[in-house]
Amino acid sequence: MPLTTKHLLGLEGVTREDIQLILDTATTFREVLERPIKKVPTLKGKTVVNLFFENSTRTRISFELAQKRLSADTVNFSASQSSTKKGETLKDTVRNIEAMKVDMIVVRHESAGVPNFLTQISKANIINAGDGAHEHPTQGLLDMYSIREKYGKLEGLKVCIVGDITHSRVALSNIYGLKTMGAKVSVCGPASMIPWDIEKLGVKVFSRIDDAIAENDVLNVLRIQLERKAGASIPSIREYHNFFGITRERLEKHSKKPLILHPGPINRGVELSSEVADGPYQVILDQVTNGVAVRMAVLYLLGTMN
Ligand code: CP
């Protein structure tokens, strides 16, 4: 069964069946990653360009590894070394890259809406690798995969997204995807970091982290995004940690320990203590491994639908 979408721009509006198909396909590729030879010929002959206008460690390497493990030809574009530095527009850059006959474009950009814009000027399949504070759909999918791997389901699970919700594209993709899959989604953080109308998305708001720990099966803890001026929303990093940081002492006050996720990169000692970031309740590096399998699934499903 093919996906019903040609592009992956976000998880808003993506059907339950499409998400299920991606997660189930990722399970097959997750097994490939455990083999001595972690490569299949599925996308042989396809060309993928990774168009990164913003810094990335996990997403960029994960996409590149996923493409190589599917035997696709991959090209990496780095904005800092490109002709965008000479004044070339985004439209001209993309049209020139497409003239070299590429099949798929993975794009990360600091502006929300760029992946959608590329669908209007290119015939390639477009995959959003994070656009501003809008969405980061493959992060949402790998988070869901990691939760499902641990609990065997998503339906009915209570998942709380903690931290700087306002500046987070990860939060929005998690909210849309998890709600579509039947999870009960909430957010927790300082009022200044939670959009005033967030409840319209059908999520509950916790103002106290101890209540969020007590009531949820999963905490997806977000990075405080100082580069997006998140510091202006809180009196100080120390105060944020005191009120919302996840520490061993906080977790151990409760008999039921929630599973801890973090999309990375972590600010150790801010949103998570190092003891929690490296401790028994987290699956942070499993998320990174699962990310390769999930991205293989997305690339495979989009790349073989034409
Ligand atoms: N989670 C995530 O998007 O990390 P990078 O910014 O390193 O890609």
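A: Buried means under 20% relative accessible area, exposed over 50%, and partly exposed in between, with a 1.4 Å probe and protein chains only. Asp210 has 14% relative accessibility, so it counts as buried. This is a predicted model: local features need pLDDT of at least 70, side-chain atom pairs count only at pLDDT 80 or more, and totals for chains, interfaces and linings use all residues. Residues are numbered from 1 along each chain as its sequence is written, and side-chain values use heavy atoms, with hydrogens and water left out.

Asp210 sits in helix H7, residues 209-215. Helices (H or I, at least four residues) and strands (E, at least two) are DSSP runs, numbered from the N terminus. Leaving aside residues up to four places away in sequence, Asp210 touches Arg250, Lys253 and His254. Contact here means heavy atoms within 4.5 Å. With Lys253 there is also a polar contact, side chain to side chain, at 3.3 Å. A polar contact is a pair of N or O atoms within 3.5 Å; within protein, one must be able to donate a hydrogen and the other to accept it, and residues adjacent in sequence count only if both atoms are side-chain atoms.

Asn128 belongs to strand E4, residues 125-131. Its relative accessible area is 0%, so Asn128 is buried. The Asn128 side chain makes a polar contact with the side chain of Asp131 at 2.8 Å. A polar atom of the Asn128 side chain also lies 3.3 Å from the backbone oxygen of Glu135. Beyond four places in sequence, the residues that Asn128 touches include Leu8, Leu9, Val107 and Pro115. His134, Pro137 and Thr138 are also among them.

Now the whole chain. The protein chain has 11 helices and nine strands. Of its 306 residues, 55% count as buried. Among contacts between residues at least 6 apart in sequence, 73% join residues at least 24 apart. The C-alpha trace spans about 55 × 45 × 35 Å along its principal axes. A compact globule of 306 residues would have a radius of gyration near 19 Å, and the protein chain agrees, with 19 Å. That radius is taken over C-alpha atoms, and the globule rule is 2.2 Å times the number of residues to the power 0.38.
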